[in-house]
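Here are my notes on the cavities and the nonpolar cores. Have the model open while you go through them.

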Amino acid sequence: MTLTTGAGLLNTAARLSFFPKSHHHYPLLFSNSPSLRFSPTSLISSPTSFASLPARLSLSFHASTMADAPDAGMDAVQRRLMFEDECILVDENDHVVGHDTKYNCHLMEKIESENLLHRAFSVFLFNSKNELLLQQRSATKVTFPLVWTNTCCSHPLYRESELIDENSLGVRNAAQRKLLDELGIPAEDVPVDQFIPLGRILYKAPSDGKWGEHELDYLLFTVRDVNVHPNPDEVADIKYVNQEQLKELLRKADAGEEGLKLSPWFRLVVDNFLFKWWDNVEKGTIKEAADMKTIHRLT
């Protein structure tokens with residue numbers, strides 16, 4: 001609609017003013033904010049004010065909606081992943097029973113009340129020097145921000161390519177995808193047939209009062225020299241460590257030095273499996289350590 005006269009503008013403004021005050025869009029038209037304030041007379045004296053009205057309404061509505069939304073302080077990238085990604089729900093024997101958002105799968109309230117358990121993976125990538133690549137999770141991560149952990153930890157999603165159970169192919173496809181997303185490692189540097197599934201663990205771990213993990217986690221090992229370009233939305237820092245350097249990190253974490261913290265799933269793997277499997281890596285016998293029949297229930 002095109003308005004060409006002051007009277008037309010005045011009538012339009014008057015009609016807007018009759019919207020109920022509970023309406024989400026329009027109370028902001030007459031806000032006390034200088035950037036949003038206008039009146040029928042200002043519309044007549046400055047017709048360009050009305051031209052910018054749709055943009056102002058959109059901005060105001062978006063700001064109001066985000067401010068009122070749950071978890072409004074959540075990082076935008078993490079918010080998108082939390083609500084768009086659908087995790088694979090499984091029972092304690094790793095049979096697929098459904099799917100739900102990443103958001104719901106990590107709410108401790110739902111984990112406890114509905115016993116939501118989702119499939120996950122943890123990648124342990126070693127270079128040709130048999131050093132393990134670690135990452136420190138970004139400060140904007142919803143669960144376990146700024147903790148140090150293994151190379152990459154995430155979830156296969158509820159999509160055809162990541163639901164393939166045969167030889168854990170779906171999980172391996174997801175690992176290749178996420179290594180690119182988090183660490184910028186090209187797919188050609190980590191072929192899916194080079195991931196060796198060594199075992200599965202089932203664990204539960206709170207992150208804070210609201211968030212946590214309840215995962216059936218596939219442990220994937222690979223030995224590759226790769227190009228790494230960390231995504232700052234996901235990763236705060238990276239480092240390669242040998243066995244002695246990792247033991248020193250463990251000592252510092254246990255002593256509370258330097259504020260250093262480790263993810264609970266990484267610590268469970270370290271305490272139960274990692275060093276003996278690392279010996280297999282160094283001997284070139286890692287495939288001999290694989291046991292995908294057992295689900296280790298760890299606490």
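1. The largest cavity comes to about 160 Å³. A cavity here is a set of points, on a 1 Å grid over the protein atoms alone, where a 1.4 Å probe fits but cannot get out; points are joined across faces, edges and corners, and the volume is the space filled by probe spheres set on them. The structure has 3 cavities of 30 Å³ or more.

2. A quick caveat: this is a predicted model, with pLDDT of at least 70 needed for local features and 80 or more for side-chain atom pairs, while totals for chains, interfaces and linings use all residues. Numbering runs from 1 along each chain as its sequence is written, and side-chain values use heavy atoms, leaving out hydrogens and water.

3. What lines the largest cavity? There are 20 lining residues (an atom within 4 Å of a point), and Lys102, Arg137, Thr143, His155 and Glu213 lie nearest the centre. By class, the lining has 8 charged (Asp, Glu, Lys, Arg), 6 nonpolar (Ala, Val, Leu, Ile, Met, Phe, Trp, Tyr, Cys, Pro) and 6 polar residues (the others, Gly among them).

4. Now the largest nonpolar core: 36 residues, with Phe124, Leu132, Phe221, Leu246, Phe266, Leu274 and Trp278 having the most contacts inside it. Such a core is a set of buried Ala, Val, Leu, Ile, Met, Phe, Trp, Tyr and Cys residues joined through side-chain atoms within 4.5 Å, buried being under 20% relative accessible area with a 1.4 Å probe, protein chains only.

5. Look at Trp278: beyond neighbours within four places in sequence, its contacts (heavy atoms within 4.5 Å) include Phe126, Leu132, Val241 and Leu246. Apart from this core lies another, of 24 residues, Val90, Phe121, Phe195 and Ile295 among them.

Notes. On a 1 Å grid over the protein atoms alone, a cavity is a set of points where a 1.4 Å probe fits but cannot get out, and a pocket is an open set with protein on both sides within 12 Å along at least five of seven lines; lining residues have an atom within 4 Å of a point. Buried means under 20% relative accessible area, exposed over 50%, partly exposed in between (1.4 Å probe, protein chains only).
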